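Let's take a walk through this protein model together. Keep the sequence and the 3D view side by side as you read.

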Amino acid sequence: MTRDGAVQPGRLRGRLDGMRESWNPPRAADLASPYRFLLWLTREQVRRVAAGAALGTCWMIGLTVPPWILAKAVDEGLAARDTSALVKWVLLLLGVGVLNALLGIARHRTMTKIRMDAAFRSVRATVWHTSRLGASLTRRVSAGEVVTVGISDVYTVAQALTVTGPGVGAVIAYGVVAVVLFTISPVLAAVVLAGVPLLAVAVGPFLQRIERTGGTYRVHQGELTTRLVDILGGLRVLNGLGGKAVVAERYERESQRLIGHGYRAARPASWVGALSTGLPALFLAAVVWLSARMAATGAITIGDVVAVYGYVAVLVVPESAFIEGGGDIARARVAGQRIVDLLNLPVASGDGAGTPDPLVDPVSGVVVRPGVLTAVVAARPAEAIAVLERLGQVHTRAADRRRLVVADNDAEVFAGTVRDVVAGRLDPEDDRIRAALRVAVAEDVVEALPDGLYAPIAAGGTDLSGGQRQRIRLARAVYSAPDVLLAVEPTSALDANTEAAVIDQIREARRDLTTVLTTTSPLVLDRADEVIVLTAGKVSAAGTHTDLLRTDPYYRDLVSRAADD
C-alpha cells in the first residue's frame with residue numbers, strides 16, 4: 001500500500017496506477033447540467049472511484065475500532081485489574097492504529113489521483129471542444145472566460161469528487177457508529193442520528209448563498225480576466241498612445257469591485273468552514289454530557305462512557321466531511337455550469353462527405369463554386385468578413401474538422417517553435433511544413449531565424465513583424481490541407497511583390513480545392529477565378545476581374561480607390 005513496501009507493497013498501488021487510461025468526449029446528456037458533468041467525470045474513472053470509496057470506507061470504519069478496543073481495555077483490563085488482558089488490548093490497539101495509518105495513506109493517494117484525473121479530463125474536454133469551434137470561438141466567448149475555466153473552474157469541479165471517497169466513507173461510518181451506540185443505549189443512538197438533519201438545517205442556507213454569491217463572483221472574474229488579456233495584448237499600443245495610466249486606473253477600480261464580490265462570496269464559505277469545526281465539537285460535548293449522566297445513574301459502564309466519547313469524537317471526521325463536501329459541491333455547481341456552458345457552444349455542421357456542394361450564404365446571396373479561387377470584395381471590408389464567418393459557421397463539418405478552415409488575422413499564435421506553430425493541432429511533418437511555408441512565401445522568415453524550424457516564436461507572434469506573422473498564420477492554414485479554405489485578408493500586410501507571389505502559390509497548391517478570400521487588392525482580384533461584389537452586404541455582381549472592370553462602374557471605382565490607397 002505504501003512506497004516503502006509495507007503491507008502488500010506493489011499490488012494495490014500497481015492496480016491503481018496500472019488502470020488503463022482512456023478518454024472519450026462527453027456526450028450531450030453529460031452536459032445537461034453540472035451534476036451530469038460530475039457524473040461523467042466519475043463514470044470515466046469508475047474503478048479508481050470505487051477503490052477510493054472502498055479505502056475511504058475502510059479508513060473511516062477503522063477509526064471507530066479504537067474506541068471499542070479502549071472500552072474493552074478499561075472494562076476487562078483496568079477495571080478487572082487483569083494485566084494480560086490490558087496488554088492484549090493495547091497491542092491490538094497499536095496494530096489497528098498502524099493499519100489505519102496505511103489505509104489513510106492509500107486513501108489520500110487514490111483521492112489525489114481521482115481529483116487530478118477529473119481536472120485533466122475537464123481540461124481535455126475544454127481543449128477538444130474549443131479546437132472544434134475554431135476561429136469562431138473568439139467571437140462567441142471571451143478569452144478571459146476560457147482562461148478562467150482552464151485555470152480555476154476545472155480544479156473546483158475536480159475538488160468536488162472528494163465526496164466519492166471520504167464522503168461515501170462518512171455515510172457508512174456514521175451508520176456503523178449509530179448501530180454500535182444502539183447496543184450501548186438507544187437514546188444515545190437517537191441523538192447521534194438526529195445530528196445529521198440538524199447539520200443540514202444549520203449549513204443548508206450557507207450552501208445556497210455560496211451558489212448565489214459564487215456565481216456573481218465567477219462572472220466578474222471572467223470579465224476582469226478578459227480585460228487583463230486585452231491590456232496585455234495591446235500594451236505596446238497603450239505605451240505609444242500614453243494611455244497606460246488611464247487603463248491601469250480603470251483596471252484597479254474593477255479589481256477592487258471584484259474583491260468586494262470575493263468578500264461577499266467568502267462570507268458564507270467561511271461560515272461553512274467554521275461550522276465544519278464548531279458544530280461537531282458542540283455535538284461531541286452534548287453526547288459526552290448525556291453519556292456521563294447515564295454512567296452516573298448506572299445505566300452504562302465507565303468503559304461505555306470511554307467508548308461513547310471515542311465514537312462521537314470519531315464522528316467529528318464524517319460530520320466535517322459532510323459539511324465540507326456540501327461546500328465543495330455548491331462551488332462545483334457554479335464552476336461546472338461555466339464549463340458546461342462552454343462545452344455546449346454549438347459546432348456548426350453540414351451534410352456528409354461526397355461531391356463538393358457550393359457554399360451558400362443566404363443572408364448575402366453569395367454562392368461559392370467548389371474547386372475554384374473566389375475573391376469577395378466590398379467597400380466595407382466588415383461585410384465581406386461577415387460572409388466568410390457565416391459560411392464557416394454553416395458549412396463546418398463536426399465529423400471532420402479538416403474539411404473547412406477559417407483563417408483570419410486575429411487567429412491566436414501560441415508560443416512554440418516554428419514547427420509546432422505551423423503544425424497547429426496536427427502532427428508535425430517537416431516536409432509538409434516546408435511546403436506550407438513555401439506556399440505562404442514564408443521561407444525567408446524561417447531562414448532568418450537562428451534555429452530554422454526549431455526557432456521559438458513568442459506568444460501572439462510578438463517577436464515577428466505584421467507581415468511575417470500573417471504569413472505564418474497562412475502557412476498554418478495551408479498545412480491543415482482543408483477542402484475549403486476561407487481566408488480573411490490573407491495578404492493585407494504584405495508588399496505587392498510578396499502578395500502576388502503568395503496568391504500564385506495558393507492557386508497552384510490548392511488547384512481543384514475551394515478557396516475563398518476577402519480582399520480589395522487588384523493583384524489578388526486579378527488572379528481569382530471569380531470575384532463576388534457586395535453592395536450593402538448583398539451580392540451586386542459576380543464574374544472575373546477583367547469582365548467586372550469592363551461592365552461594372554461600381555466595381556471599377558472600388559478597385560481604383562483600393563489601388564490609390
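Start at T112, which sits in helix α4 (residues 83-133). Helices here are DSSP runs of H or I with at least four residues, strands are E runs of at least two, and both are numbered from the N terminus. T112 counts as partly exposed because its relative accessibility is 25%; buried means under 20% relative accessible area, exposed over 50%, and partly exposed in between (1.4 Å probe, protein chains only). In sequence, T112 and G52 are 60 residues apart, while their C-alpha atoms are 9.6 Å apart in space.

A quick word on the model: it is predicted, with local features needing pLDDT of at least 70 and side-chain atom pairs counting only at pLDDT 80 or more, while totals for chains, interfaces and linings use all residues. Residues are numbered from 1 along each chain as its sequence is written, and side-chain values use heavy atoms, with hydrogens and water left out.

Now for the cores. A nonpolar core is a set of buried Ala, Val, Leu, Ile, Met, Phe, Trp, Tyr and Cys residues joined through side-chain atoms within 4.5 Å. The largest one has 27 residues, and F37, L41, V157 and I339 touch the most other members. Helices α2 (34-43), α4, α6 (143-160) and α11 (302-343) each give two or more residues to this core. A second, separate core has 26 residues, among them V421, A423, A455 and V502.

Next, look at strand β4 (residues 404-407). L404 and V406 on one side and V405 and A407 on the other are all buried, so both faces are covered. β4 pairs with strand β7 (residues 484-488) in the parallel sense over four bridges; pairing takes at least two DSSP bridges. In that pair, A407 stands opposite A487.

In the loop between β7 and α17 (496-509) you'll find T491. Is T491 buried or exposed? T491 is buried, because its relative accessible area is 3%. The T491 side chain also makes a polar contact with the side chain of E499 at 2.8 Å; that takes a pair of N or O atoms within 3.5 Å, where within protein one must be able to donate a hydrogen and the other to accept it, and residues adjacent in sequence count only if both are side-chain atoms.

| Residue | Phi | Relative accessible area |
|---|---|---|
| V441 | about 50° | 22% |
| A536 | about 55° | 59% |
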